[in-house]
Amino acid sequence: MPSQNRLAEQLDPATTALLTVECQQGVVGPGSALPELAEEARSSGALDRIALLVGAAHRAGVQVLHAVAERRPDGRGANSNARLFRAAGRLPVQQHSGTAAVRIAAPIEVAAEDLVVRRLHGLSPLAGTDVDALLRNLGCRTLVVTGVSANVAVPNAVFDAVNLGYTAVVPSDAIAGVPADYTPAVVRNTLALVATVTRTDDVLACWAGDAIRE
């Protein structure tokens with residue numbers, strides 16, 4: 001874990017953005033297409049901690065982005081080159097554009113200044129989306145990555161952020177995957193090699209100070 005002073009430098013609100021990954025109703029909500037993942041995100045407390053981070057970011061003036069995975073009802077442009085995509089196409093709940101499934105799930109609150117970035121293809125919240133251009137236009141150098149899943153999309157986001165030159169920060173208790181013991185393993189053996197790994201309370205402490213100063 002980094003020192004609080006070093007973490008505070010990395011999390012300067014003027015140059016930091018918070019990314020929520022696939023925290024949408026059809027993934028982590030009560031009617032999820034992936035009930036095991038939704039249950040883990042909620043029972044672990046990860047979803048509640050993401051909501052806390054989003055609220056703190058709003059108060060501290062940190063830009064929030066919500067990365068949403070969706071597909072057209074006709075599937076046009078969607079991938080079919082991996083088992084994951086083919087299985088997703090057969091699930092009883094589909095992440096169709098414009099439906100409740102692709103709305104950000106409670107208890108996360110979306111503010112007017114938040115950016116919602118939607119993708120119709122691929123595995124990454126960054127590659128092939130507007131996220132990188134938006135971050136650069138906003139002057140962001142640090143990306144705090146939260147959400148699901150620790151199996152696929154979260155590591156993708158971290159790797160892509162690092163490859164693009166951003167400092168990636170991962171609050172390890174604000175991400176979730178399945179099975180439950182996989183998340184700490186991937187954090188310890190993979191994400192810790194390329195990102196600053198911390199805890200939600202430490203991020204909240206950094207941003208609480210900035211909110212008070214404002």
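This is a predicted model: local features need pLDDT of at least 70, side-chain atom pairs count only at pLDDT 80 or more; totals for chains, interfaces and linings use all residues.
Residues are numbered from 1 along each chain as its sequence is written, and side-chain values use heavy atoms, with hydrogens and water left out.

## Salt bridges

The structure holds seven salt bridges, a salt bridge being a side-chain nitrogen of Lys or Arg within 4 Å of a carboxyl oxygen of Asp or Glu.

| Pair | N to O distance |
|---|---|
| Glu 22 and Arg 119 | 2.8 Å |
| Arg 49 and Asp 173 | 3.6 Å |
| Arg 76 and Asp 74 | 3.7 Å |

Helices (H or I, at least four residues) and strands (E, at least two) are DSSP runs, numbered from the N terminus. The side chains of Glu 22 and Arg 119 meet in a salt bridge. Glu 22 lies in the loop between strand 1 (16-21) and helix 2 (25-28) and Arg 119 lies in strand 3 (residues 115-119), so this pair ties together parts that are 97 residues apart in sequence. Both Glu 22 and Arg 119 are buried, where buried means under 20% relative accessible area, exposed means over 50%, and partly exposed is in between (1.4 Å probe, protein chains only). For Glu 22 the relative accessibility is 14%, and its phi is near 55°, a positive value in a residue other than glycine.

The side chains of Arg 49 and Asp 173 also meet in a salt bridge. This pair links distant parts of the chain, with Arg 49 in helix 4 (residues 46-60) and Asp 173 in the loop between strand 5 (167-171) and strand 6 (175-176), 124 residues apart. Arg 49 counts as partly exposed at 24% relative accessibility, whereas Asp 173, at 11%, counts as buried. Arg 49 and Asp 173 are linked with Arg 199 in a network of salt bridges.

In the pair formed by Arg 76 and Asp 74, Arg 76 is exposed, with a relative accessible area of 60%, and Asp 74 counts as partly exposed at 47%.

Strand 1 is mostly covered, since six of its six residues are buried. In a regular strand the side chains alternate between the two faces of the sheet. Here Thr 16, Leu 18 and Thr 20 point one way from strand 1, while Ala 17, Leu 19 and Val 21 point the other way.

Two strands pair if DSSP finds at least two bridges between them. Strand 1 pairs in the parallel sense with strand 4 (residues 142-148) over six bridges, and Thr 20 stands opposite Thr 146 in strand 4. With strand 2 (residues 63-69), strand 1 again pairs in the parallel sense, over five bridges, and the bridge partner of Leu 18 in strand 2 is Val 64.

Ala 57, in helix 4, is buried with a relative accessible area of 0%. Leaving aside residues up to four places away in sequence, Ala 57 touches Leu 18, Val 62, Val 64 and Trp 207, contact meaning heavy atoms within 4.5 Å.

Glu 40 lies in helix 3 (residues 35-43). Glu 40 is buried yet has no salt bridge, and the nearest side chain of opposite charge, that of Arg 49, is 7.9 Å away; for charge, Lys and Arg count as positive and Asp and Glu as negative, while His and the chain ends are not counted. Not counting residues up to four places away in sequence, Glu 40 touches Ala 176, Gly 177, Val 178 and Ala 180.

## Cis peptide bonds

A cis peptide bond joins Ala 106 and Pro 107, with omega about 10°, and Pro 107 lies in the loop between helix 5 (83-88) and strand 3. The peptide bond from Val 148 to Ser 149 is also cis, with omega near -5°, and Ser 149 is placed in the loop between strand 4 and helix 7.

## A nonpolar patch

Phe 159, Leu 193 and Val 194 make a nonpolar surface patch of about 270 Å². Patches are made of residues with over 30% relative accessible area and no salt bridge, like charges being joined within 9 Å and nonpolar side chains (Val, Leu, Ile, Met, Phe, Trp, Tyr) within 5 Å. Accessible areas come from the Shrake-Rupley method with a 1.4 Å probe, and for residues only the protein chains shown count as cover. Phe 159 is found in helix 7 (residues 153-163) and is partly exposed, with a relative accessible area of 33%.
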